[in-house]
Amino acid sequence: MYSLMFLGFAIAQASLFVWAIHLWRRTRAKALPVILLPLFFLVWDNLRVASGSVLGFGETLYWLTWPAFWAHWLSGCWLIIASGSILRLAGFEFARARGVMAGFCLLTVALVAHDLPLFWTKDIYPVCEFDLIRYSGAVTEANRCSPEQALVTGEFPIAPVVTCFVVIGTGIALWVRRGFPWMAVGGIVMLLTAGVPALNRHRLDNLGEVFIKGGALLAIWYLTRDAAATRPRAGAAKDPADRSPADQGADRTAATS
């Protein structure tokens with residue numbers, strides 16, 4: 001059952017990834033590139049968990065797990081940069097200042113630097129939970145595979161927590177200014193599913209990832225939909241009134257020849 005749930009999460013994240021590519025092609029919104037890479041590895045992460053019961057413990061599952069951890073430490077907080085860009089899209093004048101956007105970027109870099117030592121100090125361990133077979137950075141009473149397996153305490157997830165609060169703050173600003181609540185809702189769902197034991201115990205934090213990424217993409221779509229609708233498509237015929245005098249003269253010459 002839980003393996004199928006993670007497969008569903010992977011399909012949802014893959015759908016968001018395809019939608020993000022479509023939005024990028026249509027709008028070139030600067031927030032999208034920093035969302036695409038984390039989205040790709042969220043698809044990877046959910047698929048490696050979903051496939052654990054088929055692959056079993058071993059080298060294959062072990063090495064499929066590491067890229068998910070590396071991407072999480074490197075790019076999990078890039079939504080902070082996307083949040084600053086989304087505030088610019090929404091017309092918040094303070095966000096247009098270079099210093100403000102630099103602040104979003106510096107906060108992201110600081111959180112990545114905080115997690116950087118994990119690349120060479122962290123290890124992962126086999127854990128058994130519900131019908132899931134996977135590797136994790138923490139071993140608890142609830143997920144160890146045998147009573148003899150040693151418990152391993154995980155690190156406090158400061159980067160994801162700060163990212164959630166930045167996304168929620170950005171979403172509340174959009175809610176107040178533009179009447180758009182869904183980015184705030186996505187951040188709140190992520191915080192609750194990761195922080196409330198009753199929800200986290202059932203691995204619903206991965207569902208929260210769907211909500212927080214989906215809320216950010218919805219915000220970008222909402223803020224760019226009118227501009228994208230009025231942007232002329234490549235190769236589309238121009239309105240005669242918008243054509244240059246030279247083009248109009250060429251048309252008249254062609255018509256009389």
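**View 1. Order of elements along the protein chain.** From the N terminus on, the elements run α-α-α-α-α-α-α-β-β-α-α-α-α-α. That comes to 12 helices and 2 strands. Helices (H or I, at least four residues) and strands (E, at least two) are DSSP runs, numbered from the N terminus. This is a predicted model: local features need pLDDT of at least 70, side-chain atom pairs count only at pLDDT 80 or more, and totals for chains, interfaces and linings use all residues. Residues are numbered from 1 along each chain as its sequence is written, and side-chain values use heavy atoms, with hydrogens and water left out.

View 2. The protein chain has 257 residues, and 41% of them count as buried. Buried means under 20% relative accessible area, exposed over 50%, partly exposed in between (1.4 Å probe, protein chains only). Among contacts with a separation of 6 or more, 66% join residues 24 or more positions apart. Contact means heavy atoms within 4.5 Å.

**View 3. Helix H6, residues 98–115.** H6 has 18 residues. From first C-alpha to last, H6 reaches 26 Å, close to the 26 Å expected at 1.5 Å a residue. The expected span is 1.5 Å times one less than the number of residues.

View 4. Met-101, Phe-104, Thr-108, Leu-111, Val-112 and Asp-115 are buried. Seen down the axis, the buried residues of H6 fall within an arc of 105 degrees, so they line one face of the helix. The arc is that of the directions from the helix axis to the C-beta atoms. Turned away from the buried side are the exposed residues Arg-98, Gly-99, Leu-106 and Val-109.

**View 5. Packing partners of H6.** The buried residues of H6 pack against helices H4 (59–75), H5 (79–89), H7 (118–121) and H8 (158–178).
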